[in-house]
Each structure stands twice: as structure tokens, then as C-alpha cells.
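Here is a short tour of a protein model, written for someone who likes to look around before planning anything. Have the sequence and the structure open as you read.

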Amino acid sequence: MTKPRHRFNLNRAQVVDENFIDFVKGLASPASIQTRAITDIIDHESGLTAADLVELFESQVIVRHQDIESRNMRARNEGFYTIASAGHEGNAVVGRITRRTDLAFIHYRSGAFMAERSRKFSGVDFVKDTMLSFAASAEDPISGGRHKVWGSKALFVPPQTSTIASHLPKAVGAAMTLPRAARLGIQTPIPQDAIVVCSFGDASANHATAQTAFNAASNAAYRHLPVPLLFMCEDNGIGISVQTAANWIEASFRDRVGFRYFRGDGLDLIDAFRAAKRAVDTCRTERTPVFLHLRTVRLLGHAGSDAETEYHSWGEIEANEAKDPLLASAKLLVDLGVVSPSRVLEIYETARSRVAGGSRYAATAPKLASVDQVVSVLAPHSPQAVLEEADRIVAREQRMAVFGDEGHLPENKPPRHMAALINQGLFDLLIKYPEATLFGEDVAKKGGVYHVTTGLAKQFGLARVFNTILDETTILGLAVGAAHVGFLPIPEIQYLAYYHNAQDQIRGEAGSLQFFSNDQFRNPMVMRIAGWAYQKGFGGHFHNDNSIAALRDVPGLIIATPSRGDDAVKMMRTCMAMAKIDGRVSAFVEPIALYMTKDLFSNKDHQWSFAYPAQGESIPLGEAGIYNEGASDATILTFANGVYMSLRAAKELREKHGIEARVVDLRWLNPLNETLIIEQARASERVVIVDEGRKTGGVGEAILAILYERCGGDISVKRIAAVDTYIPLGDAANLVLPQEQDIVRTTRDLCRDNS
Ligand SMILES: Cc1ncc(C[n+]2csc(CCOP(=O)(O)OP(=O)(O)O)c2C)c(N)n1
Ligand SMILES: [Mg+2]
């Protein structure tokens with residue numbers, strides 16, 4: 001049907017547009033067809049009516065014009081995004097059949113789904129909102145101009161990043177935890193009969209992150225757990241330029257354990273509607289993972305910048321365009337006698353002008369105009385409210401019900417090591433926050449590798465404290481999803497090295513949600529990670545990882561790392577309060593080597609055992625611990641194991657060298673408290689940074705930068721940091737990690753050279 005004039009026209013949006021008009025003009029005239037009542041049922045199995053068809057078609061058309069206009073906007077430098085839904089408009093049926101409260105994490109080509117979802121809430125102006133998003137306007141109601149995303153608070157569609165498949169683990173998490181919330185009496189933003197929807201492309205289905213989500217859902221269903229999750233694969237047979245093998249999606253998902261598989265033709269509204277209806281109904285009633293395989297076609301290339309002719313012949317491009325679902329929908333409507341061709345064209349042109357109006361408005365709508373505006377929602381912090389929340393005291397009876405009697409209250413027990421205190425701190429947090437849930441590998445019966453979670457599962461039940469499958473992406477995705485449905489998750493990562501394995505769930509997903517949703521969606525959590533090195537004679541690199549670059553790299557992520565048990569409890573209280581009040585995500589890095597440490601200077605001195613802090617005590621974000629405060633010969637800036645080693649070094653410096661060094665436990669590695677660092681550095685004008693992290697990517701780098709930028713040459717600084725290497729097994733580990741004697745020597749030399 002492509003006219004010869006269209007060959008070699010690189011502007012395929014124009015071609016597809018003209019094709020549609022020509023095609024409809026060529027359809028049989030209204031006089032020759034019967035007319036139907038809008039209430040007529042067209043398909044008895046699904047209940048699809050003529051009215052459904054008309055509205056579905058209107059949604060398809062609106063999205064098509066948005067796609068065409070996005071390219072015009074780009075050409076005028078008024079728009080900044082051109083990935084289209086063109087050819088995928090059949091997904092409108094899923095938008096129509098699902099409910100507004102069916103939490104949806106969607107693909108960038110799910111525009112027609114979104115158009116249909118928008119019908120379910122009168123306060124949403126779909127066209128204007130999409131145009132504002134293309135234009136990256138600060139008025140874009142979902143991201144505030146930070147990205148072109150599909151999303152809406154009112155429509156329960158959180159925005160997704162461009163990282164394909166990264167939204168699937170959280171979809172699994174939301175679907176798995178929604179039923180748990182009901183059992184626990186946790187208030188959820190969506191009703192209990194909601195389902196969770198996620199959509200993605202065929203190529204994305206191969207991604208490790210997608211596969212891990214399929215596996216987690218499959219495994220849960222296999223264990224007879226409810227997982228009301230609809231996976232919608234929009235299969236256009238290609239990923240950018242790479243073809244998906246014929247029937248690959250069907251072959252690999254049709255018989256996946258625990259999945260119900262449905263196939264629909266997204267190029268045919270009746271077939272797609274029927275399949276979607278079955279899929280959604282099955283998912284809703286059976287509470288089981290459903291895989292809806294929707295056939296689509298990709299029109300207009302991968303994005304506006306994609307020269308499709310590099311990998312497709314003109315013939316192939318035209319053959320795809322001939323499959324345009326809008327042609328099929330128009331023909332269906334006319335053939336069924338639902339509307340006339342001229343009415344089809346009217347609908348088409350009305351949509352064009354609505355979109356053009358939205359585009360005109362968006363072109364001049366305000367943009368993000370300052371750094372403050374850009375970052376205003378990245379890391380919200382309300383210190384006063386957080387402090388009050390952290391110090392909020394739980395009713396005595398509630399604690400008594402868990403701890404038993406006065407003597408068993410943790411604050412009435414003798415001083416103990418960090419693992420024991422964190423454990424008790426977690427008991428208190430699970431009492432304080434009924435919506436808190438703790439999960440990870442081995443955390444339940446075993447109580448974690450280091451017994452930090454001992455007794456929690458028994459006390460609070462396996463609905464709240466549970467083991468996950470062995471997969472960090474699943475653990476963190478579960479946390480994000482659980483947060484979306486109202487939980488306050490405390491996921492545990494067994495070792496820092498295994499955070500790296502799954503970091504995109506924090507860096508790309510959890511960390512970015514408030515930013516890309518203009519703080520309308522939040523996924524608060526406190527991610528506990530057993531980390532750092534110095535485990536004597538055990539572990540090698542994988543249990544002694546000291547690289548926090550991957551955490552420091554996440555914008556807005558709070559990094560907390562205690563050096564002693566009482567601090568740990570007080571800092572955890574603040575992290576939970578920041579999650580609760582400001583929706584924040586924290587990484588709580590617990591130094592494994594100090595978990596069981598009781599003594600500081602000599603055997604049985606118990607100087608590293610601490611009393612459990614009473615309710616109402618917390619350590620605010622940024623507050624440091626200062627030891628030997630009056631000391632003015634040198635300032636040691638450090639954290640975690642560094643504090644322990646530095647205190648021992650300071651004793652030796654005093655006793656053997658007459659040097660008085662103060663030791664500053666920074667506790668919070670992101671954001672760094674610059675004011676405090678400067679103050680403490682100025683107190684002696686000689687600074688030793690003890691960073692057990694790696695020289696590259698460790699926090700020492702940032703401290704050096706702060707000191708240099710803020711103090712110039714006024715202050716003498718030396719840095720001790722770990723060697724840029726993986727950590728070897730056994731005693732060789734000490735060759736590459738900062739040692740107590742390094743601190744003594746460096747501080748002594750610094751004082752001697754700058755006396
Ligand atoms: C993790 C990741 N790797 C690579 C990309 C770049 N990329 C964007 S879309 C895409 C192809 C996706 O194909 P498919 O899942 O079939 O979706 P389609 O675009 O065909 O709808 C690729 C490789 C990305 N966004 N994320
Ligand atoms: Mg594809």
C-alpha cells in the first residue's frame with residue numbers, strides 16, 4: 001500500500017501518517033455498511049462493546065499523534081525524546097481492562113496503555129501531560145521536567161527509568177508483598193484485589209534483571225505463594241537492530257513453571273482484548289503470575305535518531321508499516337459498522353489538533369532553571385521531624401510484650417558487642433514500625449551469618465522476617481516493591497561484595513524514584529549490608545570487600561557506618577526515621593570485624609562493649625563521634641574499623657610519642673558533614689585521614705577534596721587508604737589494608753614535619 005513517493009523518504013512518521021489517511025479514504029463508504037448501536041456487544045467472550053472499540057481506537061490515535069508530534073518537536077528543538085509507541089498501540093486493551101489501582105510499571109512503548117489508564121481519572125490531562133514531558137518542562141506533572149517518563153501518582157503508575165527490565169524485580173516485589181500486607185494488617189495504597197502490571201519488550205525479556213524477576217515470581221508461585229502479577233511482553237520481534245529469534249518468547253514462557261501464558265495479537269483489537277481479558281481475570285482471581293504475550297510491530301524505528309535503513313531494507317520497513325495496528329483498527333471499526341470512514345478521519349484529525357495544542361503549550365512552558373530546582377527532590381531532609389520521629393518512644397506495654405519483663409529490656413542488660421546491640425535495635429524497630437519487614441538470605445531461622453537477626457523471625461513471624469531466594473537483585477527489588485505497597489523494608493545484603501551484584505536496583509531504581517517522580521512516589525528503605533574488611537584469617541576478597549565507590553556513586557543515598565554497637569542502634573533509628581519522614585533510602589554498612597569485638601586496648605577490658613541506648617536517643621544525620629576532644633596535635637578523621645584502630649593508635653601516640661590526637665568518627669559517609677570536617681581539621685591543623693576503603697573511590701578522596709577546597713594550604717593532610725586491589729586471603733590481607741602502625745607512623749611524621 002506504500003505509494004512509490006514514500007520510498008526513500010527517511011521521515012517515516014510522515015509516511016505512516018499519510019498511509020493512514022490514504023488507507024481510510026480507500027475504505028468502503030458508509031452507505032454500504034450497516035450502522036451499529038454503540039452499546040452492541042462485539043465479542044461475547046470478552047464482553048467487548050462497540051463503545052469500547054471506539055474509545056480504544058481514540059486512545060491509539062492520540063498516542064500515534066503524540067509520537068508524530070514528538071519528532072516535530074525534536075526538529076524544532078522543543079522536545080527531547082522520540083521513542084515511540086507506534087505499532088504497539090494494541091496495549092491500550094490492557095490499560096482499559098486493568099483498574100486504575102492496578103499498580104503499573106510500564107515499558108516506554110506502553111503509551112496507549114497510559115492513554116486508557118488516564119480515562120480512569122478525570123484529573124489527568126493525558127495529552128498535555130505527555131507533551132510537557134516531551135518538552136522536559138518543569139510543569140510535567142510526573143517528573144517535573146527531569147525525564148520523559150510514563151507516570152502518574154493518581155493513576156498508580158510510578159515512573160520508570162530507561163534501563164530496560166530494571167523495573168521487573170520491583171513489580172515482583174510489589175505483587176509478592178501486597179498479599180502479605182493484608183495478613184499483617186498493613187495499610188496499602190491499593191486494594192487487596194489489585195494486581196500489579198509490568199510491561200517490557202521482547203529483547204528485554206532476555207536481560208538478567210528480567211530473568212531474575214521471572215524466576216522469583218515463578219519460584220514464589222511454585223511455593224504456592226500468591227503473586228498477582230501480570231507480565232506484559234510487547235513483542236515486536238526486535239531490540240533496536242537485533243532480531244529476536246522467531247517464537248523465542250512463546251517457546252521460553254509458554255511452559256514456565258508457575259506461569260499462566262496468554263497470547264494476543266496486538267494488531268487486532270478484538271483478539272488482543274480477548275487475550276488481555278483472560279489474562280487479567282486469571283491474574284486477579286487466581287493471584288498467580290500471568291504472562292501476556294502481545295504481538296506488536298515497531299514503526300518509526302527504535303527512536304527518532306535511529307536510521308533503520310542501516311539494518312532493514314526499504315521493503316522490510318514498508319512491510320512493517322503495512323501491519324500498522326491503526327489501519328487494522330480503522331478497518332475493523334468501519335467493517336463492523338461502528339463508525340464511518342469519514343468519522344474515523346475526524347477522530348484522527350481531532351486528535352492531531354489536540355496534540356498540536358498540547359505541543360504549542362509545552363513549547364513555552366517553564367523549564368527547570370536552577371540547580372536547586374533540579375535537586376530539590378533528590379534527597380529531601382526534614383531534620384527536626386526526623387529527630388522527633390527517631391526519638392519517638394514506643395509504649396512500654398508494646399516493648400514488654402516482646403522483651404518479657406524489665407530485666408529483659410535491652411537497656412537493662414550489661415554492655416555488649418555490636419552484633420548483639422544491632423539485634424536488639426532491630427527488635428525495637430520492628431516493634432515501633434508495624435509496617436517494617438526484614439528479609440534477605442538466611443536472616444530467618446539461622447538469624448543471619450553473624451546472628452544479627454537472631455530471634456526476629458520467631459518473634460515477629462515469617463510474614464515479616466523471612467528468607468528470600470538466593471539473589472540480591474530479588475532482595476532489593478523486593479524491597480522497592482514492598483515500599484511501593486506501604487512497607488518499610490529492611491533488606492539485608494549478606495556481604496558488601498554482593499551488593500555490587502545487584503546495585504542497579506538501588507542506583508537505577510530506588511535511588512532515583514523521588515527524583516524522577518518529583519517526590520510523588522517514594523520507596524523508603526534501610527538496606528543493611530555486612531561489610532568492610534579486617535576479618536582475621538577468613539574470607540578473602542568476597543567477605544572482606546572494602547569498596548564503597550558503588551554506594552558513594554548513588555546520588556542522594558545515605559551511607560551510614562557505625563563503629564560501635566550503641567552508635568549503630570542510634571543511627572539505625574535515624575535511618576528508619578528518614579525513611580518514614582522523607583522517604584529516604586539508606587545503606588547501613590555494618591563492620592563485620594567489629595560485630596563481636598568486645599575489647600579495645602587489652603584482653604577483657606570490655607572497652608568496646610556498650611550499653612544499649614535508651615528509647616529516645618538517636619544520632620542525627622551528619623553528627624560525628626569525637627574522642628579525645630581537647631587534643632590539638634593532630635586530628636584523625638575516620639570511621640568504622642578506622643575508629644577502633646585509631647583509638648588504639650592514639651593511645652600509643654600519647655604514651656610513646658607525647659602526641660595528643662583527637663579521633664573523629666564520621667559515622668555518616670554520605671552526605672559528608674563538611675562543616676564538621678573543617679572544624680575538626682582546624683582544631684589541630686594536622687589531619688590524618690584513615691580510610692579503610694580503597695584509595696580510589698573511597699571516602700578519603702572526598703575528604704581530601706573538601707579540605708583542599710575549603711582550607712587550601714592551611715592544613716597539613718595525610719591520607720591512609722587501602723591499596724587499589726582485591727583483598728587476598730589470610731594474613732596477606734593486612735598488606736593492602738591500613739594498619740594501626742600506619743596510623744601511628746603517619747601521625748608522628750606529620751606532627752614532626754609540621755611542628
Ligand atoms: C540495561 C540496558 N541495556 C541497554 C539499553 C539500550 N536499549 C534501549 S532499548 C533497547 C532494546 C529493547 O528492545 P525490546 O526490549 O525488544 O523493546 P522495544 O524497544 O523493541 O520495544 C536497548 C538495547 C538499555 N536501555 N538498558
Ligand atoms: Mg522489541
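Predicted model: local features only at pLDDT ≥ 70, side-chain atom pairs only at ≥ 80, totals over all residues.

## Around Phe231

Setting aside neighbours within four places in sequence, Phe231 is in contact with Leu168, Val172, Cys198, Phe200, Ala213, Phe214, Ala217, Phe259, Pro289, Val290, Phe291 and Leu292.

## The nonpolar core

Phe231 also belongs to the largest nonpolar core, which has 84 residues. Phe231 is among the residues with the most contacts inside this core, along with Phe214, Phe291, Tyr499 and Leu551. Which helix gives the core its largest share? That is helix 6 (residues 168-184), with eight residues.

As background, nonpolar side chains tend to be buried together in soluble globular proteins.

## The magnesium site

Now turn to the magnesium ion (ligand 2), which is coordinated by Asp202 (OD), Asn236 (OD1) and Ile238 (O) at 2.0 to 2.1 Å. Along the chain, these donors follow the spacing D-x33-N-x1-I. Asp202 and Ile238 link distant parts of the chain, 36 residues apart. Asp202 lies in the loop between strand 4 (196-201) and helix 7 (208-222), while Ile238 is in strand 6 (residues 238-239).

Are Asp202 and Ile238 buried or exposed? Both are buried.

## Helix 5

Helix 5 (residues 126-134) is mostly covered, with seven of its nine residues buried. The buried ones are Phe126, Val127, Thr130, Met131, Leu132, Ser133 and Phe134. Their cover includes helix 2 (50-75), helix 4 (111-118) and helix 12 (341-364).

After helix 5 comes Ala136, which has a positive phi, near 50°.

Key
Residues numbered from 1 in each chain as written. Chains lettered and ligands numbered in written order. Heavy atoms only, no water. Buried < 20%, exposed > 50% of the residue type's maximum accessible area, 1.4 Å probe, protein only. Helix = DSSP H or I, 4+ residues; strand = E, 2+ residues; numbered from the N terminus. Contact = heavy atoms within 4.5 Å. Donors = N, O, S within 2.8 Å, 3.2 Å for Na, K, Ca; no water. Core = buried A, V, L, I, M, F, W, Y, C linked by side-chain atoms within 4.5 Å.
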